[in-house]
Amino acid sequence: MGKHGVEILDLNVEELIGMLNQALAEEWLAYYQYWIGARVMEGPMRSEVEPELLLHANQELGHAVLVVGRIIQLGGTPVLNPAQWPKLSRCDYDEPNDPYIQVILEQNLKGERCAIQRYKEIADFTNGKDHATHAMATTILNEELEHEQDIEDWLTDLDRLKEDLRRSACKLAVRGVCQTKVGCQMISILPLEEMVLVTVPPGVLSSLVTLVITV
Ligand SMILES: [Fe+2]
Ligand SMILES: [Fe+2]
């Protein structure tokens, strides 16, 4: 940025550059969290959610482009070494060791809430003092809020899917398709991924097995 552009800012520019570099590190980690999570993810709704997670990943990269551009405009140096990302980031990178969709989504949700806090702080810090950074921070903040909402909606859909399945299994049990009521109760308290194991053993009719496996 030209000298005058920096001189008119009514705030500590070095402190702001520091915050923006933290945000930049967080964006890269968020990108990889989404990108690798989408690729290893397993479970119901996977085919619907995967492209949306990859879209979120690309939007995080878009945020990194905006942030790095502003750091340079302010006369700062963007973080140059990826080894610095986890040191600068306040948001955790959660290794997706468990590929179950609900776990992946909860990891991403945690990251979004961390990003929302980051851009709120940058927006507060620059409000009325650095209009350009403030506008950028609120633009990114709005996208992070949309990301949070998307993930919360998928988690709600996933819970409903599980609940519908439990109800269906119980209805079948009441109609005598499932072995016993005890079996129904067992099914109703088990997480979805374990239900297949419960219903596969002999004695359970194939319709129920098919129902569970296809979800
Ligand atoms: Fe972001
Ligand atoms: Fe996001």
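Start at the end of helix H3. Gly75 follows H3, and its phi is positive, near 90 degrees. Keep in mind that this is a predicted model.

Now H3 itself. The helix covers residues 46–73, 28 residues in total. From first C-alpha to last, H3 reaches 41 Å.

Which residues of H3 are buried? Val49, Leu53, His56, Ala57 and Glu60 are.

Helix H2 spans 13–40, and Pro44 sits in the loop between H2 and H3. Is Pro44 buried or partly exposed? Pro44 is partly exposed, because 19 other C-beta atoms lie within 10 Å, and a buried residue needs 20 or more. Leu161 is 117 residues away in sequence, yet the two C-alpha atoms are separated by 8.6 Å.

Met45 is in that H2–H3 loop too. Its phi is positive, about 70 degrees, although Met45 is not a glycine. Met45 is partly exposed, with 16 other C-beta atoms within 10 Å.

Last, confidence. The protein averages a pLDDT of 85, and 78% of the residues score at least 70. Over residues 179–215, though, the pLDDT is below 50. That stretch still has 43 contacts in the model beyond near neighbours in sequence. Where pLDDT is low, predicted coordinates should not be read in detail.

Technical notes:
Residues are numbered from 1 along each chain as its sequence is written. Chains are lettered from A and ligands numbered from 1 in the order in which they are written. This is a predicted model: local features need pLDDT of at least 70, side-chain atom pairs count only at pLDDT 80 or more; totals for chains, interfaces and linings use all residues. Helices (H or I, at least four residues) and strands (E, at least two) are DSSP runs, numbered from the N terminus. The expected span of a helix is 1.5 Å times one less than its number of residues. A residue is buried if 20 or more other C-beta atoms lie within 10 Å of its own, exposed if 12 or fewer, and partly exposed in between; C-beta atoms are placed from the backbone. pLDDT is the predictor's confidence in each residue, from 0 to 100. Two residues are in contact if their C-beta atoms, placed from the backbone, lie within 7 Å.
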